[in-house]
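Got a two-chain model on screen and want to talk it through? Let's go at it with some questions and answers.

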Amino acid sequence: MRFFYSILIIGFLVRCGGKDLEFEDILNTPPAPTDTECTLTDGWSLPPSEIVGGGIGKEGIPSLENPDFLHKSATNFLSGDDLLIGVEINGQVRLFPHRIMDRHEVANDQVGAAKYSLTFCPLTGSTVAISRNDDDSFGVSGLLHNSNLIYYNRATNNFWSQMKLSSIKGENVCESVIPLGTVEMTWEGWQKSVADFVVLDINTGFDKDYSDAFSAAILEHNTPLWPYSPKDNRLKNFEKVYVLFVDGFPKAYPLNLFDEEIKVIRDAILGKEIIIISNKKHELITAYYNVKGLNYSIREGAELMLMQENNRWNIFGSLVSGADSNLTKPQGYMAYWFSAAAMFPNIEIYNPHDQD
Amino acid sequence: MIRISFILLMLLISQSVLSQNCCSGGVPISSNIGVAPASKNTWQTILIGDVNFLDQLLRGPNKINNDSRERTTASTLLLLNYSFSNRISADLTMPWVSQIRKTEGANNAIFKENSSGIGDISILLKYQLTDPQLTASSFSLGAGIKVPSGSTDQQDSDGITLSLDMQPGTGSIDQFYWFFYSNQFSNKTSLFLSALFQQTGTFTNYNGSQEYKTGNSLVARLGLNRNFIVANYITTLSMEFIPRKNWADHVDNQLIPNTGGHWLFIKPALTFNFSPSVLLNLGAELPLYANVDGEQLSSSKRLTIQLIHRVNTKSPLNSEL
């Protein structure tokens, strides 16, 4: 419950700070895909035999604590195809390069009074950002489930499965986390999509190799180095998919099925309308609820805008102009196929022909 | 007396303490095999204490400014050697391994994981090509195996199986190939050269469903000994250079990043000959050079203490030497 209250508090603060992350947006977000039946084995909601040590121990991968950011005009260490994860907090867009997060996996950050943590798992390519209260900070547990990061709350020693979006051990066990919306795309894509943002400073205070060597080594393999089950060969193991949850129901959107250019499409999950924005060239897939069942278009320019009549929304779904309200993002994240298939067996795969 | 001391000294200095790096946690998996030849019907019992401090985080050849990770591996080994003849002998090495892994998190919080237990037992059969009674030189060859007697399923306090590098055992059957050469220039000075190649096997039950192969390793030792008389005891100062190469580990035939590398150690040691049959050896192994693949914790020092006792069971007096 403590975690839930923290979300309410942060949500309130965020609401007071601007219209970009609305309190209602969080409350209206459907529950995370927590297992309906949560049974415990030795305190774990997952079979302990499926959890393995990554080999470096608790906190063996150091998290970033209140890191510094550079304005985009001062960022000179990125190349066009570098991937970055973006969050929008209190109207400020903050970007986290993969190749820095490869070495830290967790960043405990805050914008004004709004505290949040961004978690990134280089083994599964997945990102989840969460709100936190003043007492909470998160660290890398050193444990993996289906190759995926298990992070933990230093204040409560509560363990969380990143991709399952739920607590797997501790006082919050079986509770769901309600993630903040994140968007991932290439550096070139961000520069073309958002007018103003800041980027995590590569001078983190740690002596780390921030080249993409680690990710490159992971992707050289045909199969993951850590165990996962079940295996699903409908797609290649390291094919990137966007895992989207509606009312706890997951659906995978393979990046390879989308066009190189920016595009907006409509889809439906469990009868709920979804808008998907995609750009394969920039490795972008993101989604919003289409509550009104309307058709949207995209305008590219100094900033990418989702448009519907006189309303304009940015890539995070925040209303930039017009009389409408913010778009609500369903929970979702990019991930490698093997991990999505292992975490959510028999996950439905998006088929563009179903829309015909 | 001098000659006996020389032979006993060889027993100590020829032992190949395999200073593991990152991903084997410094467990002396095949440690201390390769005792130099002794005369027929001789039993040698060697009790070894070995502590390996892995607290230098390296990237390639460079030390990283990061003191947040360290691990210590303390091992006690019992080595039994028997010489069936003047040329044929065998070593049996039984380790007890205790490991501690320590990490420092935010706000200087310290986290520890530990494990302990019987490690992997190794056996080495050796054949001496030269006759030590006729020549000052000695040349031996050997081959052996390491069997997976150590546990690989120890758990942490949360009931999660510890990673393989924290387990006392490796789960694999490994093969060893060994040679040893020594030459005694005088009663005071001797030279030795040895090498041990470890052909590792595969742990087929890694994480319950995977195959893990620790990388092969090659360790050579080149050393020089010099005897002194101190308080009526023969005391030997030795200096070894120990180049080592580890090949990368693989899981399911795929290379694991941050494994493998090569090192050069120097090991000064002091041996006290309390009697013809009892010796005490103290040594410290220090890195002169290291170049690891990726980022790895590497040994900053390794301390060893060895107590050796030797007895000939078929001598007329059935006495100690």
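What follows is a chat about this predicted model.

Me: What ipTM does the predictor give the complex?
Reply: Keep in mind that this is a predicted model, so the scores come from the predictor. Its pTM for the complex is 0.86. The ipTM is 0.82.

Me: Where in chain B is confidence lowest?
Reply: The chain B mean pLDDT is 86, and 86% of its residues reach 70 or more. The top of the range is S17(B), at 96. Over residues 1–27 of chain B the pLDDT is below 50, though this stretch still has 109 contacts in the model beyond near neighbours in sequence. The lowest mean, 44, belongs to helix H1 (residues 2–13) of chain B.

Me: And what share of chain B is buried?
Reply: Chain B has one helix and 18 strands. Of its contacts with a separation of 6 or more, 63% are between residues 24 or more positions apart. Out of 321 residues in chain B, the buried share is 47%.

Me: Which strand does S1 of chain B join through 17 bridges?
Reply: Strand S1 of chain B covers residues 42–59, and its partner runs antiparallel to it. One pair to look for is Gln56(B), opposite Ser298(B). That partner spans residues 295–312 and is S18(B).

Me: Which residue in the turn of the S17(B)–S18(B) hairpin has a positive phi?
Reply: Strand S17 (residues 278–292) of chain B pairs with S18(B) in the antiparallel sense over eight bridges. Within that pairing, Ala284(B) sits opposite Leu303(B). Two residues lie between the strands, and the one in the turn with a phi of about 70° is Gly294(B).

Me: Asp252(B) has a positive phi too; is it buried, partly exposed or exposed?
Reply: Asp252(B) is not a glycine, yet its phi is about 50°. You'll find Asp252(B) in the loop between strand S14 (250–251) and strand S15 (254–255) of chain B.

Me: How about Asn253(B), buried or exposed?
Reply: Asn253(B) is in the loop between S14 and S15 of chain B, and it has a positive phi of about 65° although it is not a glycine. It has 11 C-beta neighbours inside 10 Å, and the cut-off for this class is 12 or fewer. Therefore Asn253(B) counts as exposed.

Me: Over to chain A: what is the order of the open sheet of three strands?
Reply: The edge strands are S17 (263–269) and S19 (284–289) of chain A, each pairing on one side only. Seven bridges join S17(A) to strand S18 (residues 272–279) of chain A, and Arg266(A) has Ile275(A) as its bridge partner there. The pairing is antiparallel, and the order is S17-S18-S19.

Me: Which residue does Ser229(A) join through a cis peptide bond?
Reply: Omega for this bond is about 0°.

Me: Which element gives the most to the side of chain A that touches chain B?
Reply: The contact takes 27 residues from chain A and 30 residues from chain B. On the chain A side they divide into nine nonpolar, eleven polar and seven charged. The elements giving two or more residues are strand S1 (51–53), strand S9 (138–145) and helix H5 (213–219) of chain A. With three residues, the top contributor is S1(A).

Definitions and conventions: Residues numbered from 1 in each chain as written. Chains lettered and ligands numbered in written order. Predicted model: local features only at pLDDT ≥ 70, side-chain atom pairs only at ≥ 80, totals over all residues. Pairing = 2+ DSSP bridges. Helix = DSSP H or I, 4+ residues; strand = E, 2+ residues; numbered from the N terminus. Buried ≥ 20, exposed ≤ 12 C-beta atoms within 10 Å, placed from the backbone. Contact = placed C-beta atoms within 7 Å. Nonpolar A, V, L, I, M, F, W, Y, C, P; charged D, E, K, R; others polar. pLDDT = per-residue confidence, 0-100.
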